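Hello,

Here is the structure I promised to pass on. My notes on what turned up follow directly below.

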Amino acid sequence: MQTYHFDEIVVNNNGVVTLSGLPPLTKVAIVVTEPNSLDWQIRMKKLMQDVSENHPFAKMSREDILEHLRQTREEVYDELYGDRNVG
């Protein structure tokens, strides 16, 4: 497998990509990257805002969250290791 890097923007308005200079019958895999990191920062902030507004823990107190996590931990432990406690 050979890797070629094309930095030129060669995508037309219809989303069609044109590459030139490759050997005939070459199979091509295209990886699309977003060069604007600011866009990712905005998306991440929006995701964090959505999670903080919609997550069930967002409306719970610290103590309620800890109690819920303890209960979940005990349920998971019982599912995984419950049969070992039988005397």
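Start with the charged surface. Glu63, Asp64, Glu67, Glu74, Glu75, Asp78 and Glu79 form a negative surface patch. A patch takes residues with over 30% relative accessible area and no salt bridge; like charges are joined within 9 Å, and nonpolar side chains (Val, Leu, Ile, Met, Phe, Trp, Tyr) within 5 Å. Asp and Glu count as negative, Lys and Arg as positive; His and the chain ends are not counted. Each charge is placed at NZ of Lys, CZ of Arg, CG of Asp or CD of Glu. Glutamate 63 sits in helix α2, residues 62-81. Glutamate 63 counts as exposed because its relative accessibility is 54% (exposed is over 50%, buried under 20%, partly exposed in between; 1.4 Å probe, protein chains only).

This is a predicted model: local features need pLDDT of at least 70, side-chain atom pairs count only at pLDDT 80 or more, and totals for chains, interfaces and linings use all residues. Residues are numbered from 1 along each chain as its sequence is written, and side-chain values use heavy atoms, with hydrogens and water left out.

Overall layout next. The chain has two helices and zero strands. These are DSSP runs numbered from the N terminus: helices are H or I, at least four residues; strands are E, at least two. Of the 87 residues, 0% count as buried. The chain exposes about 8800 Å², with 55% of that supplied by carbon and sulfur atoms. Areas come from the Shrake-Rupley method with a 1.4 Å probe; for residues, only the protein chains shown count as cover.

There is also a nonpolar surface patch. Val11, Val17, Leu19, Val28, Ile30 and Val32 make it, at about 520 Å². Valine 32 belongs to the segment before α1 (37-54). Its relative accessible area is 73%, so valine 32 is exposed.

Leucine 25 is in the segment before α1 too. Leucine 25 is not a glycine, yet its phi is positive, about 60°. Most residues other than glycine have a negative phi. Leucine 25 counts as exposed, at 88% relative accessibility.

How many salt bridges does a search of the whole structure find? One. The criterion is a side-chain nitrogen of Lys or Arg within 4 Å of a carboxyl oxygen of Asp or Glu. Lysine 46 and aspartate 50 are the partners, at 3.3 Å, N to O. Both lie in helix α1, four residues apart, about one turn of the helix. Lysine 46 is exposed at 51%; aspartate 50 is partly exposed at 29%.

Best regards
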